[in-house]
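Have the structure open as you read.

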Amino acid sequence: MKYNFDEIINRRGTYSLKWDGGDLIKQVGLTERYDEETIPLFTADMDLPVPQPLLDALHKTVDHKIFGYSVLPDEYFEAIQHWFKKRHDWDIKGEEIIYSPGTVHALNIAVKAFTGPGDGIIIQRPVYPPFTPAIEGNGREVMNNALKCDDDGYYSIDFEDFEAKAKEENTKLFILCNPHNPTGRVFNIDELKKLSDICAKNDVLIIADEIHGDLIRRDQTFIPIGKAAKNEDHIITFTAINKTFNVAGLHCTNVIIPNPELREIFRGVLGMQLPSPFTISALIAVYNEGEEWLEQLKEYIDGTMEFVKNFLAESMPKVKVRIPEGTYIMWMDFSGYGISPEEVHDRIYNKANVLLEDGNMFGEEGLNYQRICIPSPRPIIKEAFERIAREFEDINQT
Ligand SMILES: Cc1ncc(COP(=O)(O)O)c(C=O)c1O
């Protein structure tokens with residue numbers, strides 16, 4: 001079936017964090033302004049309809065009329081195995097898969113399970129903000145292997161620094177984000193092998209957050225690090241249906257741990273987790289029948305990225321942006337305007353009334369950047385950029 005992603009579905013009044021969460025959003029300091037006219041494009045969820053087979057499966061679950069404690073059936077594990085084999089040519093065994101109600105939740109569990117107070121954990125800033133509290137909130141130390149950015153806005157890994165940090169006595173864990181949020185890098189086979197080899201040599205475990213792995217540009221290939229590595233014994237991978245199929249509210253992350261000893265340690269700290277029947281039927285539906293929808297979605301997102309790039313080149317030429325290899329996130333460099341990050345914020349959030357995410361939330365490396373999530377109907381994205389452009393008109397030529 002053909003999906004219409006241009007359709008505007010009103011999400012206000014549906015308990016949506018993006019569209020109903022103004023009080024919370026202001027409280028955590030993302031913005032000062034949030035009202036009926038705000039266009040919120042800050043968090044990574046989509047304003048787009050989900051696959052029809054998913055809706056059918058959820059309706060069927062509703063029709064059961066009873067929503068009690070549920071267990072994961074074989075079909076659940078088979079659907080995951082089938083998806084990763086077909087989409088990413090990655091073999092996963094059923095027993096390697098552990099359900100968790102969330103990725104950030106699983107990350108906190110992994111930090112507690114595999115490191116002790118004072119241990120060092122490598123991350124690559126600018127990076128998804130919740131990595132930092134998962135480390136520091138648990139009394140561990142951030143080791144920042146900052147990504148390098150060239151003049152074209154392309155990010156790469158500083159391997160010399162990475163190896164030096166991996167060699168340090170107290171370094172126990174590396175949290176890889178691939179595809180990388182917010183830079184959009186999809187790391188290639190050579191980079192992944194090198195990261196894996198350095199970590200294996202230095203007894204550093206890898207937690208690979210790969211939950212954006214299905215959402216890459218159509219001319220790109222995503223390789224799970226568990227597939228790229230010579231040996232997966234030191235690799236734990238987080239996968240999820242939440243980003244790919246826009247079901248973050250169903251809380252479904254799957255943690256892949258090939259090493260049986262690590263699996264038992266993780267299970268011990270995680271405890272027993274029972275998913276809802278909606279989560280189970282959703283996963284089975286999307287992994288078995290969601291491909292046709294995903295292909296159409298990817299085409300739509302690629303189109304929106306082209307639109308944004310062209311719009312900025314035409315109307316805000318001082319903003320540097322590149323189409324990312326993966327994710328539905330764009331990372332925009334505003335330093336060309338020569339104004340302070342506070343003034344950029346004020347023009348976008350308060351004057352244009354568009355809610356993005358200030359780049360410094362991802363680390364000081366992001367100070368002059370703004371992050372936008374673009375999986376919304378294109379007319380909404382267009383209006384957001386038109387509003388922003390109007391607020392920068394006076395300094396486009398200076
Ligand atoms: C890289 C990354 N990891 C984790 C999450 C959150 O996942 P969850 O809602 O399953 O905790 C996000 C959400 O934006 C993300 O971008």
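What follows covers the ligand site, then the cavities.

## Ground rules

This is a predicted model, where local features need pLDDT of at least 70, side-chain atom pairs count only at pLDDT 80 or more, and totals for chains, interfaces and linings use all residues. Residues are numbered from 1 along each chain as its sequence is written, and side-chain values use heavy atoms, leaving out hydrogens and water.

## The ligand

The ligand sits in the largest pocket (more than half of its atoms lie within 2 Å of the pocket's grid points). Around the ligand there are 13 residues, with T103, D209, H212, N242 and K243 the closest (a heavy atom within 4 Å counts).

As for polar contacts (N or O pairs within 3.5 Å), the side chain of D209 has an N or O atom 2.5 Å from a ligand nitrogen. The T103 side chain puts an N or O atom 2.7 Å from a ligand oxygen, while V104 uses a backbone N or O atom at 3.0 Å from a ligand oxygen.

## The cavities

There are two cavities of 30 Å³ or more (on a 1 Å grid, points where a 1.4 Å probe fits but cannot get out; lining residues have an atom within 4 Å of a point). The largest has a volume of about 60 Å³, and its lining includes F84, H88, H212 and Y287.

F334, P341 and Y369 are among its lining residues.

Terms used. On a 1 Å grid over the protein atoms alone, a cavity is a set of points where a 1.4 Å probe fits but cannot get out, and a pocket is an open set with protein on both sides within 12 Å along at least five of seven lines; lining residues have an atom within 4 Å of a point. Grid points are joined across faces, edges and corners, and a volume is the space filled by probe spheres set on the points. A polar contact is a pair of N or O atoms within 3.5 Å; within protein, one must be able to donate a hydrogen and the other to accept it, and residues adjacent in sequence count only if both atoms are side-chain atoms.
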